[in-house]
Structure formats: C-alpha cells, structure tokens
Amino acid sequence: MIKIAGADDLKKIVVINPKGGCGKTTLAINLASSYALRGFQPTIIDCDPHGYCIRWLEKRPAERPLCYGIEGHGSHPRQPLEVPADSRIVIVDLPSALPVEALHAFTHLADRILLPITPSAIDVFSASRFVAELMLDVQLDRSEQKLAIVANRVKARTLSFDMLQRFLTSLSIPMIATLRDSQVYVHAAARGLGISELPASLVRSDLAQMSAIMHWLDRRRSGSTRVRNETLTAKEQGHDDSHQQQRRIPEVEPNCEEAGQQQARDAD
C-alpha cells in the first residue's frame with residue numbers, strides 16, 4: 001500500500017495516463033504553479049523516472065511562490081512519502097508504465113484524478129482501454145465523480161477533437177478543460193514557471209481553461225488522512241469480491257483514415 005503522510009486536510013491530486021506524450025507533466029506543473037499563487041505551498045511527487053517535474057522545480061526562481069518537490073520514483077511502497085507540514089496540496093505525476101498494484105493504490109488514495117488526453121485516434125483508443133481498466137479492474141466508481149478529462153494540445157475544429165468529445169459523452173466522464181496547442185506552456189516551463197505566472201495579455205484564453213480545472217478541483221475537499229487510509233484498506237480487503245462486478249465500457253477503435261485526415265487538416 002502507498003501512503004502519503006502530511007497534514008490531516010491534505011488534498012491529493014493524481015495526474016495519470018498510461019500513454020506517454022499526453023501532457024501529464026505540463027498539467028502537473030501548471031497545477032502546482034496555480035496553487036502556489038494561492039498560497040497553498042503545493043508539493044509535487046514526481047514518480048516519473050525522467051524527473052521532469054523535479055527539473056522544473058530546480059529552474060524555478062527563488063522569488064516565486066513556494067512549491068515543494070519529492071522524487072517518488074523508486075520509493076519503497078511501505079515507506080510513507082513525507083509531505084512538508086505546511087503543504088496543503090499534493091500533485092502526483094505518475095509515469096506512463098505503471099504496475100496494476102500501484103494503479104490501485106494511487107487511484108484509491110486520490111481525492112481527484114485528472115486524465116490528460118491529446119485528441120488523436122490512437123490516444124483516444126488508448127484512453128478508452130485505460131478507462132475500462134479503471135472501472136473494471138480498479139473498481140473506480142463514476143458516481144464518486146473524482147475523475148475528469150483534460151484535453152491537451154487541442155486544435156479546434158478538427159475531426160480528432162470531435163471524436164474525443166463523442167467518446168467522452170459515451171462514458172459520462174466530464175471534460176473540464178481544453179488546453180490549446182501553444183508554445184506558451186513550453187516557454188513557461190523552461191523558466192520554472194506556470195502559465196498563470198506569465199503576463200495575462202499572452203495567456204488570457206489559457207488562464208480561463210486553467211481556472212476551469214481549478215474550479216472543478218475545488219468542488220470537493222478531502223477527508224482526513226485516517227479516514228482515507230481506512231477506506232483504502234477496506235477496498236483492498238474487499239477487492240477480490242468486488243472484482244466480480246461487471247461493467248461495460250465502450251472502446252474506440254483507431255480510425256487510420258480519420259487520423260490521416262486530421263494530420264492533413266492540422267498541417268493547413
């Protein structure tokens with residue numbers, strides 16, 4: 001079992017997708033930046049072996065609002081990850097390849113789960129398989145409403161974006177924001193910043209989407225650490241029985257013709 005030790009009201013946000021290149025780290029560092037500006041002293045737990053979030057923190061100017069960082073990759077599963085006492089938000093950036101046991105643990109300890117998806121046929125197909133795994137194997141209950149989609153690197157009015165919207169409608173999982181395909185995220189990250197720390201004139205539309213994500217995250221506060229750990233233990237003990245439940249998750253087959261049309265349109 002994975003444990004994160006910290007303040008009793010610590011809120012845990014997990015950013016997850018089994019496919020690489022979907023923008024997990026971009027989303028994680030911009031969440032950290034936004035929470036830091038609000039005075040929450042967020043902590044990023046970087047579980048990716050590449051350590052991109054830790055590198056971002058190393059570039060962060062000393063005069064900017066405080067963000068903490070913990071290297072989570074390779075940590076012992078029975079050793080709690082200690083979060084600084086004044087940190088009220090934890091953002092977990094998970095790697096692409098994750099063992100099913102770790103997927104169980106991080107999913108159940110999370111107060112909110114964000115799944116970034118890029119709107120392409122292959123990514124939507126991968127996401128459909130992963131959502132099915134969350135619902136069937138991990139027994140994530142959609143009625144808890146702690147999972148949401150963030151569409152990343154979006155170009156409006158493309159066939160692939162329309163396909164992503166249809167897919168999400170079929171699952172009844174909210175898409176809470178669409179982050180545009182823009183270099184502002186790259187430029188901000190290179191300076192150890194989030195887009196919320198750039199001049200508003202450069203990122204006005206982007207700030208609106210980040211605000212939508214923050215609003216969704218703020219809708220629900222976490223329970224106490226004790227209650228969360230008791231719930232996780234109970235779910236682990238009852239996993240074998242609950243695994244017999246069956247749910248049907250639609251899969252989206254990758255459409256190569258549609259993907260090719262999308263690339264041609266995006267190139268225009």
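What covers the buried residues of helix 2? The points below take up this matter after a view of the whole chain; the model is predicted.

1. Overall make-up. The secondary structure of the chain comes to 10 helices and nine strands. Of its 268 residues, 50% count as buried. Among contacts between residues at least 6 apart in sequence, 83% join residues at least 24 apart.

2. Seven strands form an open sheet with parallel pairing, in the order 4-3-6-2-7-8-9. Strand 4 and strand 9 (175-180) stand at the edges with a single partner strand each, so one side of each has no neighbour in the sheet. On average, and with direction ignored, neighbouring strands of this sheet are turned by 20° against each other. Strands of a sheet pair through backbone hydrogen bonds, in either a parallel or an antiparallel arrangement.

3. Strand 3 and its partners. Strand 3 (residues 43-46) pairs with strand 4 (residues 68-71) in the parallel sense over four bridges, and Asp46 stands opposite Glu71 in strand 4. The chain passes from strand 3 through helix 2 (residues 52-59) to strand 4, and this β-α-β crossover is right-handed. Strand 3 is also joined by four bridges to strand 6 (residues 89-93), the two running parallel; here Thr43 stands opposite Val90.

4. Side chains of strand 3. In a regular strand the side chains alternate between the two faces of the sheet. In strand 3, Thr43 and Ile45 point one way while Ile44 and Asp46 point the other way, and all are buried.

5. Helix 2. The buried residues of helix 2 are Cys53, Ile54, Trp56 and Leu57. Seen down the helix axis, they fall within an arc of 155°, so they line one face of helix 2. An α-helix has 3.6 residues a turn, so residues three or four places apart point the same way. As to the opening question, the cover over the buried residues of helix 2 includes helix 1 (24-37), strand 3, strand 4, strand 6 and helix 6 (184-190).

6. Arg60. This residue is found in the loop between helix 2 and strand 4. Is Arg60 buried or exposed? Its relative accessibility is 11%, under the 20% limit, so Arg60 counts as buried. Leaving aside neighbours within four places in sequence, Arg60 is in contact with Ala36, Pro65, Cys67, Arg191, Gly192, Leu193 and Glu197.

7. Asp93. This residue lies in strand 6. At 1% relative accessibility, Asp93 counts as buried. Beyond its neighbours within four places in sequence, its contacts include Lys24, Thr25 and Ala28, as well as Asp46, Asp48 and Cys53. Asp93 and Gly72 are 21 residues apart in sequence, and their C-alpha atoms are 9.0 Å apart in space.

8. In soluble globular proteins, nonpolar side chains tend to be buried together. The largest nonpolar core in this chain has 39 residues, and those with the most contacts inside it are Ile4, Ile45, Val92, Leu147 and Leu164. At least two residues of this core come from each of strand 6, helix 3 (100-109), strand 7 (112-117), helix 4 (121-136), strand 8 (147-154) and helix 5 (159-171). Helix 4 gives the most, with seven residues. Leaving aside neighbours within four places in sequence, Val92 is in contact with Ile4, Ile13, Val14, Val15, Ile45, Cys47 and Phe106. A second, separate core of 36 residues includes Ile13, Ala148, Val203 and Met210.

9. Strand 8 and strand 9 pair in the parallel sense over four bridges, and Thr178 in strand 9 is the bridge partner of Ala151. Helix 4 packs on the sheet, touching strand 7 and strand 8, and its direction makes about 160° with that of strand 7. Helix 7 (residues 200-218) lies across strand 2 (11-15), strand 7, strand 8 and strand 9, and runs at about 155° to strand 9.

10. A backbone detail at Gln41. This residue has its place in the loop between helix 1 and strand 3. Phi of Gln41 is near 45°, a positive value in a residue other than glycine. At 24% relative accessibility, Gln41 counts as partly exposed.

Definitions and conventions: Residues numbered from 1 in each chain as written. Predicted model: local features only at pLDDT ≥ 70, side-chain atom pairs only at ≥ 80, totals over all residues. Heavy atoms only, no water. Buried < 20%, exposed > 50% of the residue type's maximum accessible area, 1.4 Å probe, protein only. Pairing = 2+ DSSP bridges. Right-handed = clockwise from strand over helix to strand, strands pointing away. Core = buried A, V, L, I, M, F, W, Y, C linked by side-chain atoms within 4.5 Å. Contact = heavy atoms within 4.5 Å. Arc of directions from axis to C-beta. Axes fitted to C-alpha atoms, helices over the stretch in contact; angles between N-to-C directions.
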